[in-house]
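Dear colleague,

Please find below the structure for your review. My notes on the findings follow it.

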Amino acid sequence: LSKYCPKEWKREASKVIAKRGREYILRHIPNMHKDQFALTASEAHLKYIKECAQLDDVTVHYYRLYKDKKEVEASLTLGLTLRGIQIFQNVGSVRQLLYDFPWTNVGKLVFVVSRITACSPG
């Protein structure tokens, strides 16, 4: 896999490999590289970003949520995606999806000091 992945991408690539599996990557990356050979570097980067944006599990920014300051491990995780907000319950090292709010159901999202408030439209 190292010949397909630049050094600066190693950490992110390891997350994708863990999620998708080594065999999936080895099966798809060579064909993807063949499809890109006629593109300029900037065209290839743009195509890569557009394709990644279509994947639900890649374009998520996670934030740990704590119930109080004494809590050592975060009990919830907030995920911000292209499609909306996801709230996960942390059970050990596994995230279990509790709520999935599409952006059409979020009227306002407010961050004040250590509090996050999401309001429905209207």
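Phe101 counts as partly exposed because its relative accessibility is 35%, where partly exposed lies between buried (under 20% relative accessible area) and exposed (over 50%), computed with a 1.4 Å probe on protein chains only. Tyr99 is likewise partly exposed, at 47%. The structure holds 2 aromatic pairs. Tyr99 and Phe101 form a stacked one, with 5.8 Å centre to centre and 15° between the planes. Rings of Phe, Tyr and Trp (its six-membered ring) pair if their centres lie within 6.5 Å; planes under 30 degrees apart count as stacked, over 60 as edge-to-face and the rest as tilted.

Please note that this is a predicted model, in which local features need pLDDT of at least 70 and side-chain atom pairs count only at pLDDT 80 or more, while totals for chains, interfaces and linings use all residues. Residues are numbered from 1 along each chain as its sequence is written, and side-chain values use heavy atoms, with hydrogens and water left out.

Thr77 is found in strand 2 (residues 76-80); strands (E, at least two residues) are DSSP runs numbered from the N terminus. Thr77 counts as buried because its relative accessible area is 3%. Its contacts (heavy atoms within 4.5 Å) include Tyr62, Ile87, Phe88 and Arg95, not counting residues up to four places away in sequence. The side chain of Thr77 also makes a polar contact with that of Asn90, at 2.8 Å. Such a contact is a pair of N or O atoms within 3.5 Å; within protein, one must be able to donate a hydrogen and the other to accept it, and residues adjacent in sequence count only if both atoms are side-chain atoms.

Arg64 lies in strand 1 and is exposed, with a relative accessible area of 63%. Arg64 touches Ala74 and Leu76, again leaving out residues up to four places away in sequence. A polar contact of 3.3 Å joins the side chains of Arg64 and Tyr66. The C-alpha atoms of Arg64 and Phe88 are separated by 9.6 Å, with the two residues 24 apart along the chain.

Yours sincerely

Terms used
Helices (H or I, at least four residues) and strands (E, at least two) are DSSP runs, numbered from the N terminus.
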